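Me: I am new to this structure. Take me through how its descriptions are reached.

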Amino acid sequence: MSDMSMYIPGNSFFHKCDAKVKMLLLVIVSIMAFLFHSPYLSGFLLIVGAVFNYISIGNRMFKHMLTRMIIIMMFFLIILHGFVNPRGETPASFFGQEISLPFFGAYTYEGFYLGLVFWLRLSSIIMMAELFISTTSPSDLIHGLHKLGVPYNFCFMVSMSLQLIPISVREAQIINSAQRARGLPEKSIVDRFKGLLPMFVPLVVSSLERMERTSMALECRGFGNTNNPTSMSDIVIRKSDIALMVITLLLLVACVIIRIRFGSFDMTDHLTSWADCFRLVAR
Amino acid sequence: MNKEVVAHIENLEHTYSSGHKALIDINLDIYKQEITAIIGQNGSGKTTLSKHFNGLLRPTAGKIFVNGKDVASRRVSEMAREVGYVFQNPNYQLFCPTVLEEIRFGLKNLKLSDEEIKARSREVIEEFDLRGMVKKQPVTLSSGSKKIVALASVYAMDPEILFLDEPTTGQDQYGKTKLGLLSRKMKQLGKTIIIISHDMDFVAEYADRVIVMNESRVILDGTPADVFSNEEVMKTAHIMPPQIYAIGNHIHAVSSETRLSVMELAKVLAEGDYCL
């Protein structure tokens with residue numbers, strides 16, 4: 001991915017949405033995902049997140065790095081947990097057969113259930129983060145953070161660092177070709193590790209030098225004169241933003257009440273078949 | 001004139017993954033013991049072309065041969081023996097604690113014996129006049145010296161062809177002259193030098209042959225005098241010939257004299273052998 005900021009420009013509802021609202025949405029989803037020990041709510045949030053993403057960035061969401069991460073995690077978490085989760089007791093039946101690995105034992109219902117819950121929790125948060133990252137331009141993000149009371153200097157530092165990532169990546173590529181052109185061996189993995197030092201030193205030196213140059217250039221242009229610089233554009237919170245905020249907050253309150261009154265819907269101790277993994281209440 | 005070809009390029013094309021065609025239909029021969037300069041605007045394809053010689057970039061179409069062997073089938077580290085490449089920014093290249101180790105880095109990569117490494121590095125230090133700074137840390141040197149050290153460390157590997165990417169950027173007159181003289185010296189020692197530059201005065205003074213690139217193609221190829229006197233084509237490539245050539249070109253409009261160095265111009269003017 002050439003653009004490391006992962007921002008995809010567009011004109012959708014979420015693109016126009018205030019960064020603070022999106023941040024709040026992300027926080028609320030993160031809380032809700034961990035509220036229940038059952039796949040249902042986080043699964044629902046994952047689907048909602050996916051739909052929101054599709055509305056905002058269309059087909060590009062399938063190529064997004066974070067979407068790929070979710071799919072890779074699905075395989076790892078669900079398969080690994082099935083075999084290695086310490087709470088696993090009941091061996092799962094695959095058409096009457098058990099599958100077991102040496103050292104780890106059989107694939108268990110509990111492991112599958114916990115892996116699934118864990119995956120859904122993480123991926124619902126990642127999905128919402130994807131929505132946030134791909135619809136919020138770095139400058140909006142910094143602006144939003146500043147509005148929330150984060151000191152301007154810190155916000156500026158964050159945005160500068162984000163911009164430096166692609167520069168450093170490009171620089172690393174140049175340095176790498178410079179060293180390869182000097183005959184740096186590249187046959188085996190050991191060679192590649194040895195090649196890290198010739199890469200690392202020039203990269204650090206040039207980063208430090210650039211930092212110094214940048215800070216001088218900034219000071220020359222009056223940076224730091226005031227802690228509250230004026231901004232070019234101002235984001236307005238629309239009515240629809242407020243509606244979105246209110247709906248999610250209400251949903252959160254409702255979920256918290258359900259959690260307190262009815263518990264976490266944890267099925268781990270009641271699993272005897274595949275169907276049990278998807279039940280809301282124990283038989 | 002019968003010149004030995006060290007590199008041969010056939011219908012070379014390169015298209016970046018972004019779809020940008022950086023090289024279109026390049027056909028070139030590079031001759032042994034010549035200083036060849038490649039000039040052209042930014043983005044005309046100079047650097048892309050040069051990176052094909054040691055395999056840092058692979059052709060998307062066409063072929064490139066160095067010493068008669070196809071580059072496509074060989075690794076960059078293998079090519080380093082034959083094609084040296086001095087990058088524009090020496091900071092990207094220097095990383096060792098001392099200048100001496102910097103020079104030896106490439107030699108170690110070539111897996112030479114200790115005696116050979118010692119002998120080679122001594123030779124290079126002598127030729128590049130680095131005695132005073134062998135123990136110094138490359139990072140702390142002046143930018144002119146860094147450039148020389150970077151050049152020396154590549155030269156030490158004894159490549160047949162040496163690429164200098166923008167050698168004169170950020171150099172004062174002293175540094176430029178030093179680099180120019182070093183290029184000449186390396187040429188005399190049997191090297192083929194290819195310079196990528198925007199510095200027309202430097203090119204005019206030291207190059208034996210000039211290749212002009214524009215919009216991914218080679219549009220002109222010849223001696224500096226031939227190239228710089230072709231103002232029409234130079235204009236399309238947005239290149240200004242060095243002033244002495246410009247004067248020569250203007251005088252050419254009214255006199256029969258075509259090729260002028262400063263001395264020649266002075267002579268022509270002194271003899272009054274022109275009509276303005």
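Me: How do you know that the span of helix α3 (residues 39–57) of chain A agrees with what it should be?

Reply: This is a predicted model. Helix α3 of chain A has 19 residues, and at 1.5 Å a residue they should span 27 Å. The end C-alpha atoms are 26 Å apart, so the two values agree.

Me: What makes a residue of α3(A) buried, and which ones are?

Reply: A residue is buried if 20 or more other C-beta atoms lie within 10 Å of its own. In α3(A), A:P39, A:L41, A:S42, A:L45, A:L46, A:G49, A:F52, A:N53, A:S56 and A:I57 are buried. Their cover includes α1, α2, α4, α6 and α11 of chain A. Just after α3(A) comes A:G58, with a positive phi of about 60°.

Me: How many residues of chain B are in contact with chain A, and which helix of chain B gives the most?

Reply: 22 residues of chain B are in contact with 17 of chain A. α2, α3 and α5 of chain B each supply at least two residues to that side. α3(B) gives the most, with 3 residues. By class, the side holds 13 nonpolar, 7 polar and 2 charged residues.

How values were computed: Residues numbered from 1 in each chain as written. Chains lettered and ligands numbered in written order. Predicted model: local features only at pLDDT ≥ 70, side-chain atom pairs only at ≥ 80, totals over all residues. Contact = placed C-beta atoms within 7 Å. Helix = DSSP H or I, 4+ residues; strand = E, 2+ residues; numbered from the N terminus. Nonpolar A, V, L, I, M, F, W, Y, C, P; charged D, E, K, R; others polar. Expected span 1.5 Å × (residues − 1). Buried ≥ 20, exposed ≤ 12 C-beta atoms within 10 Å, placed from the backbone.
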